[in-house]
Amino acid sequence: MAILPRLGRKPEAPPAESPDIPGVLKRGGNGDKPSGFDREALKKGAAEVPISVAGWLEERLGQTPALKHTLFRKVPGHDWTYTLGFAVLIAFMSQAVTGVFLAMYYDPSPTQAYASAAFITNELFLGEFVRGMHRWGSTVMIVLIFLHMAQTFFYGAYKYPREMNWLIGVILVTLTLAMGLTGYLLPFDQRSFWATIVAVNLNGTGPIIGPYLGDFLRGGADFNAITISRFYAIHMLLIPGLMIALVGAHLYLVTKLGTTAPPWVKARKRRELAKEEI
Amino acid sequence: MAPDPKKRSQKRSPYTADRGTPGAYEGETITRRSLFTGGALAAGGVATTAFALPALGFALGPLFEDRSRAIFQDVGSTADFNPDAYVPQVITLPDSQGTGEAGKTTVYVREFNPEIDTDKLGYPYVAISTRCMHLGCPVRYVQASKRFICPCHGGVYAADGSVSGGPPVRPLDRFETEVEGDRVLVGDRFSLDSQFQKFSPRDPGEPLDGLWQYLYPPRPTV
């Protein structure tokens, strides 16, 4: 199968060393024909490129029906609240991308963390903006999650057969809050330091396992040299990995089970039945 | 209906040939298929355990580290302190070495005063930790009211560190003290219940009176 359609080729066979590009006129055998572009043929060729690329991929992946099923699902009713889940996904992606770029300049050591965060804000081109996106984006994401959750709840979308998706969503909101908690320490200013002390000690107030949980989070009996790198690793490696896996499962179930109709949409009676009742 | 005794004995036979497995060898007790399935699962289990256990141990290791540092820090000469008023001094917590400013903490130090102090701890100096016993914010001593006051959630302590009001669950922690020549040294942290009984260091928010001390166990290595 040809990747590029061979269009615009002149009847004269081109020399073997001349590449066969659609729309490019070939030098004739006698060498006196000017080379150049046949615009119409070039356009035609370009128009067919996406089709042939799609065909090339389809031949190897065979996923077009699954993709169509995922991207062009039928959604009952026309309700903007159905976009909330996607809005959360965009917020998550924004956090992931800005987080990756912040990580390039951030130093998770107790002596350097504040200075590197200050460097991002004050010195770097667009640093304040990207850090601001990450900082405010976390709040936006949590607000959107709870709107999404409320929509699911009030539309009854957590009911059979979508219970597993609700459960995955609850784990995801918990992980998002854990992201907020672990990320709060990283600027390492007075506010984030003491907020983290309080948060870790809150974990410590749980009976029996509380004391061990506090030590586990701090990596020791007191706030110490590894606490901040521990929070950083949890914030940028452990939880995001879990979240990406669970978001995948969440989306898979959404496409597999379909979307719930809004509660005010009733199943339409078939015409004949309605007539019989009259 | 009672099961056919003959059939049952055949089912229970340890030999695959008796159980009617196709292609069974004589004397074979496990099918090759189930042997390989079990073997593959076991190998996968061993491989997973091989990386998961060390990683888990690494993550949980700090819980089992020895915390009794017995490091004593010099906070000043005996002439700097008196039995009536606290003198704030800055020390670096032994566990927080290498954290720069974040590892430093204020200790309120004064000489033991038999007229105020009722505890039988036997330390020559009283060194009170500023870590609030509610959730760990830093308390401040206010000389005018002779109280330790926490800025976060309104915890208030008397001059000896016992709780006067607010959410704290036990008196302020203290540090061991000793005198060497004319120098005052401050050592490991310890916790107190409301009767000023000494306990190994616990986190804030963990009451130690009565049965509570069993619900908040000490660190395994202290």
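P161(A) lies in the loop between α5 (127-154) and α6 (163-185) of chain A, where helices (H or I, at least four residues) are DSSP runs numbered from the N terminus. This is a predicted model, in which local features need pLDDT of at least 70 and side-chain atom pairs count only at pLDDT 80 or more, while totals for chains, interfaces and linings use all residues. Residues are numbered from 1 along each chain as its sequence is written, chains are lettered from A and ligands numbered from 1 in the order in which they are written, and side-chain values use heavy atoms, with hydrogens and water left out.

The bond that joins Y160(A) to P161(A) is a cis peptide bond, with omega about 0 degrees. Another backbone feature belongs to L126(A), in the loop between α4 and α5 of chain A: its phi is positive, near 65 degrees, and the residue is not a glycine. For background, most residues other than glycine have a negative phi, and most peptide bonds are trans.

Turning to the interface, 28 residues from chain A and 32 residues from chain B take part in the contact, defined as heavy atoms within 4.5 Å. The two chains bury about 2,300 Å² between them, 61% of it on carbon and sulfur atoms; buried area is the accessible area (1.4 Å probe) that two parts lose on being put together, summed over both. On the side of chain A, N201(A), Y212(A) and D222(A) lose the most area to chain B, together 22% of what that side buries.

Three salt bridges are counted between chain A and chain B, each a side-chain nitrogen of Lys or Arg within 4 Å of a carboxyl oxygen of Asp or Glu. In a salt bridge between R218(A) and D203(B), the N to O distance is 2.6 Å. On the side of chain A that touches chain B, α7 (190-204) and α8 (210-218) each supply at least two residues. The most comes from α7(A), with seven residues.

Chain A also carries a nonpolar surface patch, formed by V97(A), V100(A), F101(A), M104(A), Y105(A) and F119(A), with about 600 Å² of accessible area together. Such patches join nonpolar side chains (Val, Leu, Ile, Met, Phe, Trp, Tyr) within 5 Å, from residues with over 30% relative accessible area and no salt bridge; accessible areas come from the Shrake-Rupley method with a 1.4 Å probe, and for residues only the protein chains shown count as cover. Helix α3 (residues 84-103) of chain A gives the largest share of the patch, three residues, whereas M104(A) is found in the loop between α3 and α4 (113-122).

Technical notes
Patch = residues over 30% accessible without salt bridge, like charges linked within 9 Å, V, L, I, M, F, W, Y side chains within 5 Å.
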